[in-house]
Structure formats: C-alpha cells, structure tokens
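Please look over the chain shown below.

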Amino acid sequence: RTHDTFTLQYSAPAVKKSRLFYGSLEEKERQRITMETASSATTGSDALKAGIRAGNINISSGETMEMEERVSERQLEALAEFERRRRARQITVSTDDAEVKAGLRALGEPITLFGEGPADRRERLRSVLSVVGPDDEERAKRSRDECLQTWYHEGPASLKEARLWLARYSLPRSMRRLEAARALKEVAEATKTIRQQELHKSLRNLNNFCSQIGDDRPISFCHFSPDSKMLATASWSGLCKLWSVPDCALIRTLRGHNTNVGAVAFRPQAGVSLDRSDVSLASCAADGTVKLWNLESDEPVADIEGHSDRVSRVSWHPSGRFLGTTW
C-alpha cells in the first residue's frame, strides 16, 4: 500500500465445461449385454447369441429385456417363412398337369381351384409340399407313381369281337388313305397351288340358296343325309325335323324327346342302300335319352339306355354298325 487507495484482486471460479463424446456407445453396450447374457441362466437360441457376439444384431442402449423378449413372434414367423421358401425352391414339381392333380389329391388338397391354370396349380403343389412333412411328401410321390402305372381289366367277349371287326374294317381304309397321301405328295407344288386357288374361287362364289324357319326354339344341330337330298334339324323344343333339299320343304317331324335335343345324325347308308324302314337316324337329348328313327314314321323305333345325364352328341361309325354317344 503506497497510496490512500488499494486494489483488491480476485479470481472468478472456474466454469466446468461439458465433455462431448463422439462416436457410438454400441460396442460398450454390446460388451455389457454379452457379459450379462453369459452370467445369466436364461436360455436362448445359439444363432441369436452368435449374432449378438458378432455384431450382426444391433442392441439399442438402455435395453434390458431378456433374450426371449427380444425375439418377437413376428421375427420367428419371418424366419419360418424364409425356411419354407428355401425348401420350396428345392422341390421339383412335374410339368404334367395330371401328375400335379394326383399329387394334390394324395395330400388331401382340391385338385383345382376356380380360375386356376396349370402353372398356378404347380406353384400351389410346391407350396403345399414345402409345408408338409417328409412322410406326406413320400406318400404323395407314391400316389403319383401309382397314377402312372398301366393297368388292365378283362372286358366281355362282345367288346373283343367289336374291336377285331373295327380293325379289319379300318386297316385297309387306312392303307388306301396313306397311298393317296403319298400320291398327293408327288404332285408338283404349282399344281397344288392352282387347285387351292380354284377351290378358294369356288368358295367365294357361294351364295345363300334358300332360308327357312326351322322351329320356334333355337336350332341346336343339323345334318345332311348321305345322298344330300334331306336335311335333319334338332331343336331345343324337343323336335327333330326332316327337310327336303334344295327347296327346304318339311318332310316329317320326329316327336319323341321331351327336352332340348342336342344332336341328330344320319346313318352313313341312309337313303342310299338302306330301306326306308331300317334305322336311318339317331338323336340325343339333355335328359340322357338316345333314340333311333327310320324314314317312314315320326315316332322312334328304339331307345338306347345307359346315360343318366345329358347327352350332347351322337355319331355313327363309317360302317354304320356302331353308334357313339357322348355327354
């Protein structure tokens, strides 16, 4: 102190600065959780433990849930779905649609769904096989193999005789057809082209010769007689009618069906070598009835039984000896 005044000096308290840490605490937290997991008696999947130790599974700081709680049910379902898809990719499914249907039937699944195509059916079978166990898959495979086995049953003697007769009738005709095909193959290409052009020219000149109202209900089928002098029509009214060609005059109305007639067909020799009293036509209807007709009566001469449901078509064998029906 050298003067009347004095100076007080003091130091202000030091302010504590906050420390900023840069980086992630994930590694420290992972080490802490790993140590807790090792000392804990809880059990968990080995894959999850290995994932935590390898750092492939991120654990947020402050999380103290047990391992079973960390693996949610949604994650388990996702893992199961991934495994199922992996198995599905390794399963080989046949491209034969019949085999695919047999496999679905063996597994108790519907063989087809509404709007489902062959490709969709294959994928559905692959998906089902990826879920079922190996025993079910083996059973489905055995069922498919059984469907591919060839089996026979003994038919009646009349069936054998009919097949032998058909073979003796058809083989000579087939030989003549093949000979005609070979002869046509030798024809020059220019000649074939000229014939085809002439045919197209004649077809372009076709005109409507005549027209006739055949019935009150829709006409479902028509068929020319072998001699081209008559036309048979079938209608939903249950009536079959015979018309003359070419003037379309009504010859006879055949009454016998009680529901929609699907088809009517002339026998190959009708009007040519058969008598008018012989069976010359066949017709079928939606109630499963098949009737035979001659050219003299408007009533059927015989009924063919055997169908319990709709018969849509009838057709004669070229020999006129056999009649085929289908539904």
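Which residue takes a positive phi in the hairpin of β9 and β10?

## The β9–β10 hairpin

The residue is G320, with a phi near 80 degrees. The model is a predicted one. In this hairpin, 6 residues lie between the strands. Strand β9 covers residues 313-316, and β10 covers residues 323-326. The two run antiparallel and are joined by 4 bridges. R313 stands opposite T326 of β10.

The side chains of β9 alternate. V314 and W316 point to one face and are buried.

## Overall make-up

The protein chain has 327 residues, and 24% of them are buried. Its secondary structure comes to 9 helices and 10 strands. Take the contacts with a separation of 6 or more: 46% of them are between residues 24 or more positions apart.

The largest nonpolar core has 13 residues. Those with the most contacts inside it are A232, C240, L242, V264, F266, L281 and L295. Three strands each supply at least two residues of this core: β2 (230-235), β3 (239-244) and β5 (261-266). A second, separate core has 9 residues. Among them are A265, C284, V290 and V314.

What does F266 touch, leaving aside its neighbours within four places in sequence? Its contacts include H223, F224, S225 and P226, then M230, L231 and A232. L242, S280, L281, L295 and W316 are also in contact with F266.

## T253 in β4

T253 lies in strand β4, residues 250-255. Is T253 buried or exposed? Its relative accessible area is 13%, so T253 counts as buried. Leaving aside neighbours within four places in sequence, T253 is in contact with L239, C240, K241 and D298.

## Backbone features in two loops

Start with the loop between β3 and β4. P246 is placed there. A cis peptide bond joins V245 and P246, with omega about 15 degrees. C248 lies in the loop between β3 and β4 too. C248 has a positive phi of about 60 degrees, although it is not a glycine. C248 is buried because its relative accessible area is 18%, under the 20% limit.

Now the loop between β1 (219-224) and β2. S228 lies here. S228 is not a glycine, yet it has a positive phi of about 60 degrees.

Which residues make the nonpolar surface patch of about 330 Å²? They are L76, L79 and F82. L79 is found in helix α4, which covers residues 73-90. L79 has a relative accessibility of 53% and therefore counts as exposed, the cut-off being over 50%.

Note on methods: Residues are numbered from 1 along each chain as its sequence is written. This is a predicted model: local features need pLDDT of at least 70, side-chain atom pairs count only at pLDDT 80 or more; totals for chains, interfaces and linings use all residues. Side-chain values use heavy atoms; hydrogens and water are left out. A nonpolar core is a set of buried Ala, Val, Leu, Ile, Met, Phe, Trp, Tyr and Cys residues joined through side-chain atoms within 4.5 Å. Buried means under 20% relative accessible area, exposed over 50%, partly exposed in between (1.4 Å probe, protein chains only). Contact means heavy atoms within 4.5 Å. Patches are made of residues with over 30% relative accessible area and no salt bridge: like charges are joined within 9 Å, nonpolar side chains (Val, Leu, Ile, Met, Phe, Trp, Tyr) within 5 Å. Accessible areas come from the Shrake-Rupley method with a 1.4 Å probe; for residues, only the protein chains shown count as cover. A salt bridge is a side-chain nitrogen of Lys or Arg within 4 Å of a carboxyl oxygen of Asp or Glu. Two strands pair if DSSP finds at least two bridges between them.
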